[in-house]
Amino acid sequence: MNGPFAFTLALGDDALIAAQRLAEWTTRAPEMEEDIALANIALDQLGAARLLLSYAGELEGAGRDEDALAYLRDDREFRNCLLVELPNGDFAVTMAKLLALSAYQLPLYTALAGCADERLAAIGAKARKESAYHLDHAALWVKRLGDGTEESHRRMQAGIDQVWPYVHELFAAPPGAPVDPATLRGDFDTTVAAVLAEATLTLPDSGWAPGGGRDGVHTEHLSYLLAEMQVLARAHPGARW
Amino acid sequence: MRTAREAVAAVVDPEIRVITIDDLGILRSVEEDPATGRVVVTITPTYTGCPAMDVIRADIRRALVAAGHPDVEVRTVHSPAWSTDWITDAGRAKLAAAGIAPPAPVRRDGVVPLTLAVRCPRCGSPDTEQLSRFGSTACKALWRCRACSEPFDHVKAL
């Protein structure tokens, strides 16, 4: 494949699937303000996904645009990490996922902003500002719930425990990556450790590290998500409104 | 006939209709080819997922056609990334007059500052509180004044 195609596709798929999952909260969030927050974060992720997938389509050179990549691929062709396709769970699980995703995307987009590929540098410089706000938002909730009541602490810890095995996959580099995600692990661990310490939460010590998303081997959850996301575009090819 | 630049600069933001796209700093350039009359407009989004971009592109075309410039190309760029520091002084004054607190200057060395006092656009009091970190559009948060009790939108520093 061409240049950073695999890398760009993986990042675009991360953002797209994260957007679709977060949007599931719309009208169902625990409070009105959070409903708006999750929808806004989903919108930011979708914005980044559109830029990344458009560029991935150009790099591939096979005539696929952002819509073709989003709507006309099957699960095995998606390259997103497993973290973003996991079900939302309760609000604590969603915040644990958002903490991990934004603590990863922020240093990644920041590093991209200084890379030699102009398109990726522009996307990185734009998206990192939004990621910083997402990270702030997730960190506030993780602290509030972790250092809250006995019940909120229990559920926030359960959320972290459930999500943590899936973060290891984030730091493997797809071929042609202009930034090696492995170099971001230190940043990520420092950020997360500081939030968890303030939240009175602990990291699980399980060595389990599921992966496969970057190779197109996904959990069954992705197939159900794609069925809902793609049904309209597939049932009515070329539909516009 | 209005110049192409004047016509485009007068296009208002579809979500915050008191401010023009020029005031907002998302209009990057307007270039007219004197030989062909073709006008190339370059804009940049506030947020990557800003849903107003399609309407803004259409409004720019409509304004140029109405001003006698039918050959229009609208380009979208993402670098350099938009900053609220690009909102003009006139734009800030229009926001405040419409009850929307303008953003504070952005700190260049760090992440988004969240703890700066935001003045109430209605009574001017600095005694305000954030109600919601996200608001009615991607670029705003919802605040409330403790002095006059009015809720208000605040453009987040970015």
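**Note on chains A and B**

1. In chain B, strands S1 and S2 form a hairpin with six residues between them, and B:Gly37, in the turn, has a positive phi of about 80 degrees. Helices (H or I, at least four residues) and strands (E, at least two) are DSSP runs, numbered from the N terminus. S1(B) covers residues 27–32, S2(B) covers residues 39–43, and the two pair in the antiparallel sense over five bridges; pairing requires at least two DSSP bridges between two strands. B:Val30 stands opposite B:Val41 in S2(B).

2. The model is predicted, so local features need pLDDT of at least 70 and side-chain atom pairs count only at pLDDT 80 or more, while totals for chains, interfaces and linings use all residues. Residues are numbered from 1 along each chain as its sequence is written, with chains lettered from A and ligands numbered from 1 in the order in which they are written.

3. S2(B) also pairs with strand S3 (residues 72–76) of chain B, this time in the parallel sense, over five bridges. B:Ile43 has B:Thr76 in S3(B) as its bridge partner, and B:Val40 stands opposite B:Glu73 in S3(B).

4. S6(B) and S7(B) form a hairpin with five residues between them, and B:Ser149 in its turn has a positive phi of about 70 degrees.

5. For chain B as a whole, the count is four helices and seven strands, in the sequence pattern α-α-β-β-α-β-α-β-β-β-β. The C-alpha trace of chain B spans about 60 × 30 × 25 Å along its principal axes. Of the 158 residues in chain B, 39% are buried (20 or more other C-beta atoms within 10 Å of the residue's own; exposed is 12 or fewer, partly exposed in between).

6. In chain A, helices H1 (residues 5–23) and H2 (residues 32–60) pack at an angle of about 155 degrees, and their axes are 7 Å apart. That makes H1(A) roughly antiparallel to H2(A) (over 145 degrees; under 35 is roughly parallel, 65 to 115 roughly perpendicular, the rest oblique). Axes are lines fitted to C-alpha atoms, and angles run from 0 to 180 degrees between N-to-C directions.

7. Is A:Lys126 buried or exposed? A:Lys126 counts as buried because 23 C-beta neighbours lie inside 10 Å. A:Lys126 belongs to helix H6 (residues 118–146) of chain A. From A:Lys126 to A:Phe171 the separation is 45 residues in sequence and 22 Å in space, C-alpha to C-alpha.
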